[in-house]
Amino acid sequence: MMRPLFSRCATLRTAAPQISRIQLGSWQARQYSIKAQAASDAKPLDIDPSKLTIEKTTKPKELKKAETLVFGQNFTDHMITIEWDIKTGWKAPRIKPYQNLSLDPATCVFHYAFECFEGMKAYKDKAGKIRLFRPDKNMTRFNTSAARIALPTFEPRALTELISKFVQLESRFIPEQRGYSLYLRPTMIGTQKTLGVGPPGSALLYVIASPVGPYYPTGFKAISLEATDYAVRAWPGGVGDKKLGANYAPCIVPQREAMSRGFQQNLWLFGEEEFVTEVGTMNFFVAMKNKETGQKELLTAPLDGTILNGVTRDSVLALAREKLEPQGWKIDERKYTMKELDDAASEGRLIEAFGSGTAATVSPVRSISWKGKLVQCGLQDHEESGEITNLMKGWIEARQYGDEEHEWSLVC
């Protein structure tokens with residue numbers, strides 16, 4: 001049974017002298033975070049795809065050449081909108097021409113960051129069929145994020161069905177070239193007009209789409225990171241494991257500072273121990289040899305509440321356990337420090353490192369700036385990506401584009 005919040009806090013204050021900093025950092029029994037109650041617990045109506053209405057645009061946009069696409073800057077003709085209010089629940093979904101939203105200046109999303117979102121993609125296979133990649137994972141995380149900030153939840157299959165119909169309508173925007181896709185951005189915002197702090201009484205769920213090519217304009221090339229210890233992306237008991245807009249804006253200034261020194265992204269470190277967490281807005285993986293046994297290991301930080309449960313992260317781990325473990329690799333989700341990473345590099349045990357996420361799929365890492373030196377991540381000067389990174393890219397794309405028929409790929 002959940003204890004009252006004030007009781008837990010009082011207990012923690014009383015016990016604080018007996019609890020070390022490390023113990024606090026690993027404490028995971030935060031029920032208020034894990035079992036947040038959604039605003040829609042008592043809703044009379046869920047999302048109903050059978051009530052969908054479609055209003056097609058009378059001014060279709062001109063398609064841009066695939067090679068000119070810039071990530072997230074061009075959008076399709078239409079959008080999905082579904083309104084919700086606390087009395088009636090989810091209203092009839094609509095697909096309508098892409099347009100501006102009209103919101104009162106007092107709308108709670110502007111003042112208290114009632115906003116969460118997802119990032120997913122639609123792909124076109126060789127036969128011209130449209131595919132979604134693991135949409136069930138996105139829907140589950142979307143609901144988890146919404147519940148944490150008192151926004152309404154929904155039936156995952158209902159929204160997946162609507163998105164499937166949406167991408168079919170927008171199929172002409174999906175480039176057919178390998179490496180290209182239609183990026184989908186489901187978003188939910190609180191829309192109640194109030195300056196009072198409380199659960200929103202109304203909300204809007206909408207989905208927009210953007211045709212995209214490779215995330216990095218320079219192509220599939222290794223990036224350099226700056227280890228960041230002066231700013232924190234997420235912390236125990238916070239919302240770093242939720243996909244909230246409020247998690248992203250504070251990361252921009254540290255990224256700009258890293259870029260001013262010649263590095264593409266931040267490698268977020270946490271605590272005095274300098275635990276390695278994430279890179280930019282991606283999960284982070286390291287391949288190295290174990291110091292004692294020599295066994296090859298693929299490491300990533302565990303889902304301790306500070307790490308986003310990335311769909312690509314989960315895919316990398318599943319593929320590694322399927323394809324690398326039989327070859328003698330150890331796949332490990334555990335805490336590790338920047339010093340451990342540096343030791344592996346200096347001793348020749350660091351094989352390679354890469355980030356993972358929907359936008360870039362996998363992003364190879366060349367080096368990490370830490371304490372005034374460059375930690376080299378296993379690549380030779382002429383190499384832009386390591387063997388495991390290349391394999392992961394190929395394995396994931398094979399399922400995204402339908403080269404390999406798999407349950408992860410949903411044909412729309």
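This is a predicted model: local features need pLDDT of at least 70, side-chain atom pairs count only at pLDDT 80 or more; totals for chains, interfaces and linings use all residues.
Strand E6, formed by residues 120-124, is mostly covered, as five of its five residues are buried. In a regular strand, side chains alternate between the two faces of the sheet. In E6, Met120, Ala122 and Lys124 lie on one side, while Lys121 and Tyr123 lie on the other. Both faces are covered, and the residues on each side are all buried.

Strand E6 pairs with two strands, E8 and E7. Strand E8 spans residues 181-190 and runs antiparallel to E6, to which it is joined by three bridges. Strand E7, comprising residues 130-133, is likewise antiparallel to E6, and three bridges connect these two strands. Ala122 takes part in both pairings: its bridge partner in E8 is Leu182, and in E7 Ala122 stands opposite Leu132. Ala122 belongs to the side of E6 that also carries Met120 and Lys124. E6 and E7 form a hairpin with five residues between the strands. In this hairpin, Gly128 adopts a positive phi near 85 degrees.

Val253 is located in helix H7, which covers residues 252-260. The relative accessible area of Val253 is 48%, and this residue is therefore classed as partly exposed, the range for that class lying between under 20% for buried and over 50% for exposed residues. Val253 and Ala231 are 22 residues apart along the chain, and their C-alpha atoms are separated by 9.7 Å.

Conventions. Residues are numbered from 1 along each chain as its sequence is written. Side-chain values use heavy atoms; hydrogens and water are left out. Helices (H or I, at least four residues) and strands (E, at least two) are DSSP runs, numbered from the N terminus. Buried means under 20% relative accessible area, exposed over 50%, partly exposed in between (1.4 Å probe, protein chains only). Two strands pair if DSSP finds at least two bridges between them.
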